[in-house]
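Here's a quick tour in questions and answers. Have a look at the model first, then we'll dig in.

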Amino acid sequence: MKKTWSIAFVIILTLSLALTGCSSSKKNGASGGNDDGGGGTLIYARGGDSVKLDPATVTDGESFIATAQVTETLVDYDKESTKVVPGLAKSWEMSKDGKTYTFHLEKGVKFHDGTPFNADAVVYNFNRWFKSKDAKTFAYFKSQFSGFEGEKEAVIKEVKAIDDNTVQFTLNRPQAPFLKNLAMSPFAISSPAAIKKYGDKYIEHPVGTGPFVFKEWKRNDTITLEKNKDYWKKGLPKLDKVIIKVIKDNSARLNALVKGEVDLIDGVNPSEVDKVKSNSKLQLFERPPMNIGYLGFNVEKKPFNNKKVRQALSYAINKKEIVKNFYEGTAEPAKNPMPPTIAGYNDSIQDYDLDLDKAKKLLKEAGYPNGFKMDLWAMPVPRPYMPNGQKVAEAIQSDFAKIGVKAKIVTMEWATYLDKLQDGQAPMFMLGWTGDNGDADNFLYALLDKDSIGSNNYSRYKNEEVHKLLLQAQTETDEAKRNDIYKKVQEIIHNDAPWVPLAHSKPQLAGKSTIKGFFPHPTGTQSFADVTIE
């Protein structure tokens, strides 16, 4: 009897260990997850690394996808749209004249370093940007709020704490997209104590109130984030850990997903969409289109200071072939610097259709009958608005050669590329933009107004009529009148041709079929707090 019991005990113990091993493997593998759909590790792979991890000092989506897990904004966007919903502020009121906003903050929230989130922390963050007068460091603040403390066209006049849980913004003038601007990732609230502690190194040590806590950054490899066990939203996050990994090549990234080495990827090549669809272990995600990929001209540099040269090159590019060959049904040719999904889009504008004779004629009139030589800066990383920037650059190079313009393709590391563009070093460059808030102001004012030179206006384009109209649109509360202003602005910009708008894409992402709760937000940035792996 004793021997029989011992054998039974060994069998039960063996089975118990085997089951424990299975459970452990599931939880600690490439993805992980518990039987209830919670816990585990999500490995998200993308094509390029973050530039910095201080959200206030960057403009690139690769940085925001990481910082959005760590830091949070006063107001937020709905999970599937750019509708403004409560964030760290649970409610707010606006004065009748539109110049005063009073925000009531969530109570009992703490930063990851244990310091309290309160009105003083909000004021500290805004004053850090507002009083800096540093458009290069805080580019988004300049482009979204028109200027810094004391500047003539600055939107914000003052930010002050009323009490521990109430903060008030006083504006110099009403701004129609003010709340949508506040919801943008660069205006997330960081720990004042951490900013003081790390100084210039805060870009490598972000501390916020978000669902995940920053742990480690291995440059050009991985960013590791761990669950915030004291997160103020009950039941979140559901994952134990998020690892954001760089795999530069799109196809290699998809292969890593197929092999189970990662769980979720962006930048699926349009030519490989069917490969995802035919694999029962995978699922395809399509980000709602709210972007523009473009070729920009630095209008301060010869020969691009001549409008006829810019128009000539606009006529030389075969957009339809570019979209056909490199987007394969996941994009449409662009004619305006904002997508059709944004209110105020001007569909009546006639694009610069491919016409080499017109292009040559305009070059001759501009004084370049035999063309010219010029550098063409091409993006080194795949982006949602341009899945293969190098290939698109080669196509444009070929198109320009047909009218005598010899373009030498130049590229460099992503952070350096963006930094030099901001400084105005590139004569002709490729870039794009994913809308941050669903408003036309975020495209037209942020990218092409004279106030945004030195921040996000890399073409350094300025037109006084455009400037006056854009400021008028910011203060116009009648939506129909506001849209009419934006349509007029697009007409002027189209004629001035500081860009060649190339494409509006529908970015493709892929993940394991077991991923639940993930929705690719139209802004290109979303929290992983709701995500689970079954």
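Phe178 is buried, at a relative accessible area of 0% (buried is under 20%, exposed over 50%, partly exposed in between, using a 1.4 Å probe and protein chains only). Keep in mind that this is a predicted model, where local features need pLDDT of at least 70 and side-chain atom pairs count only at pLDDT 80 or more, while totals for chains, interfaces and linings use all residues. Residues are numbered from 1 along each chain as its sequence is written, and side-chain values use heavy atoms, with hydrogens and water left out.

Q: How far apart in sequence are the parts that the Tyr101 and Phe178 pair ties together?
A: Rings of Phe, Tyr and Trp (its six-membered ring) pair if their centres lie within 6.5 Å; planes under 30 degrees apart count as stacked, over 60 as edge-to-face and the rest as tilted. These two ring centres are 4.6 Å apart with planes at 40 degrees, so the pair is tilted. Tyr101 sits in strand β5 and Phe178 in helix α5, so the parts they tie together are separated in sequence by 77 residues. (Helices are DSSP runs of H or I with at least four residues, strands are runs of E with at least two, and both are numbered from the N terminus.)

Q: What kind of aromatic pair do Tyr294 and Phe429 form?
A: Tyr294 counts as buried at 1% relative accessibility, and Phe429 does too at 0%. Their rings are 6.1 Å centre to centre with 75 degrees between the planes, which makes the pair edge-to-face.

Q: Which ring does the charged end of Arg219 sit over?
A: The test for a charge over a ring is NZ of Lys or CZ of Arg within 6 Å of the ring centre and within 35 degrees of the ring normal. For Arg219 the distance to the ring centre is 3.7 Å, and the ring belongs to Trp217.

Q: Is Ala497 buried or exposed?
A: Most residues other than glycine have a negative phi. Ala497 isn't a glycine, yet its phi is positive, about 55 degrees. The residue is in the loop between α16 and β18. With a relative accessible area of 1%, Ala497 is buried.

Q: Which residue does a cis peptide bond join to Lys302?
A: Most peptide bonds are trans. This one is cis, with omega about -5 degrees, and the partner of Lys302 is Pro303.
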